[in-house]
Amino acid sequence: MPSSKMGIASALLMVCASLCSACGSTTVDQVTGAVVIDYVDRYAIDAEGAEWAQARDEFLKEVGPQPVAFNSYPALEHLVRLAGGRHSRLIVPGRGNSQPPRPPIARTSLSTIGGVGIVTVPGDADRSEQEVIADSRRLAAQIVREQPSRCGWIVDLRNNAGGSVPNTLIGLAPLLPRGDAVVLKDRNGVHRTAYTITGEGVVASPWPPPLDPHQSPISAFHLTSGVSAPDSVTSPIAVLQNAGTGSAGEALTLAFKDLSNARSFGTPTAGYSSGNVAEPLPGGATLILTVSVMATRTGRDFAGGPIPPDVLVSEDETLLSAQQWIRRRGCN
């Protein structure tokens, strides 16, 4: 997984898949410009201020009651960027949305050094949902088996540029306490939904409702890990992060924030710590819209931007610093 911003941006579709609320709508071809703009106006994280209001009104005059068409995409994309920020965009078929080639993504893995378990979660944006879930369940089972003989853990999220939050979070669920792990807040700071750890996996509740008013909202879903996790974990956990940790990778980082037994090491993350939805549009385009900022279980957020580590160290010193901290906690 690359550490570049372009590499992180190419992971957005998989990130949004975990929150997509209207995929497969049968009435999408009738969605008008007014419906789209009303949706963006209601939910986009930055849809406020005079500049947004002027651009919105101009678009409504031109498109308004007409179904969104290919020739309106450029104006709409400008609005989406304005209202949703750099984590938002349009995916337009045939326009060349491909990103630069990336190296193959490794599977999640668990290794050990002495009494410390090292969990590597590289991201999942280039793999099928079924493969990712199977991989995460395998990891969860490995962690549960190893927990009795491990006195500490290192969770390596470096260069994890994103994917689906719940699909990867189930693999780490045995290391996390039960309850909300990552909170999503709207532009007014209101707690809208969360990824919640249970004894069997992760519960996710999609928000907001679909863009298409004829599409029924998706209910909360429980993604099981396939194992029964312990009620609590007290052993020290060191989380490794860097500038290549983005989007869903940042959500995984936040899941360990504000825990007394966890510390993060490395450099600030990529700065895509926000939640998106993916909504289909007439003509085959997909609206990728930022509607929330990610926050820790205690409600602490980073304004959708980079997440600083608890211990700032260079890339070369990250693993060593984490190991030293774990040793000081009595684990060798």
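Visitor: In which order do the strands of the open sheet follow one another, and with what kind of pairing?

Guide: The order is E2-E3-E4-E9-E10-E13, an open sheet of six strands with mixed pairing. Strand E2 (109-113) and strand E13 (311-312) are the edge strands of this sheet. The model is predicted, so local features need pLDDT of at least 70 and side-chain atom pairs pLDDT 80 or more, while totals for chains, interfaces and linings use all residues. Numbering starts from 1 along each chain as its sequence is written, and side-chain values use heavy atoms, without hydrogens or water.

Visitor: What makes E2 and E13 edge strands?

Guide: Each of E2 and E13 pairs on one side only. Two strands pair if DSSP finds at least two bridges between them.

Visitor: How do you know that E10 and E13 pair, and in which direction do they run?

Guide: Two bridges join strand E10 (residues 262-266) to E13, and two is enough under the cut-off of at least two. E10 and E13 run parallel. Within this pair, Phe-265 stands opposite Val-311.

Visitor: How many helices and strands does the protein chain have?

Guide: There are nine helices and 13 strands in the protein chain. Both are DSSP runs numbered from the N terminus: H or I of at least four residues for helices, E of at least two for strands.

Visitor: Why is strand E12 called largely enclosed?

Guide: E12 (residues 286-295) has 10 residues, and 10 of the 10 are buried, so the rest of the structure largely encloses this strand. Buried means under 20% relative accessible area, exposed over 50% and partly exposed in between (1.4 Å probe, protein chains only).

Visitor: Which strands are joined to E12, and by how many bridges?

Guide: Strand E1 (residues 89-91) is joined to E12 by three bridges, E5 also by three, and strand E11 (residues 274-280) by seven. E1 runs antiparallel to E12, as do E5 and E11. Leu-90 is set opposite Leu-287 of E12, and Leu-184 opposite Met-294.

Visitor: What makes helix H7 mostly covered?

Guide: H7 (residues 165-172) has eight of its eight residues buried. They are Val-165, Pro-166, Asn-167, Thr-168, Leu-169, Ile-170, Gly-171 and Leu-172. For the protein chain of 332 residues, the buried share is 58%.

Visitor: Why is Glu-58 called partly exposed?

Guide: Glu-58 has 43% relative accessibility, and therefore counts as partly exposed: the value falls between the 20% and 50% limits. Glu-58 belongs to helix H4 (residues 49-62).

Visitor: Which residues of the largest nonpolar core touch the most other members?

Guide: This core has 38 residues, and those touching the most other members are Val-119, Val-155, Leu-169, Leu-172, Tyr-195, Ile-237 and Phe-256. Elements giving two or more residues to the core include helix H6 (129-146), strand E4 (152-156), H7 and strand E9 (237-241). Helix H8 (248-255) is another of them, and gives the most, five residues. A nonpolar core is a set of buried Ala, Val, Leu, Ile, Met, Phe, Trp, Tyr and Cys residues joined through side-chain atoms within 4.5 Å.

Visitor: What is Leu-172 in contact with, leaving aside its neighbours within four places in sequence?

Guide: Leu-172 is in contact with Val-119, Val-121, Leu-139, Val-155, Leu-252 and Phe-256. Contact means heavy atoms within 4.5 Å. There is also a second, separate core of 28 residues, with Val-40, Leu-76, Leu-79 and Val-92 among them.

Visitor: What share of the contacts comes from residues 24 or more positions apart?

Guide: Among contacts in the protein chain with a separation of 6 or more, 76% are between residues 24 or more positions apart.
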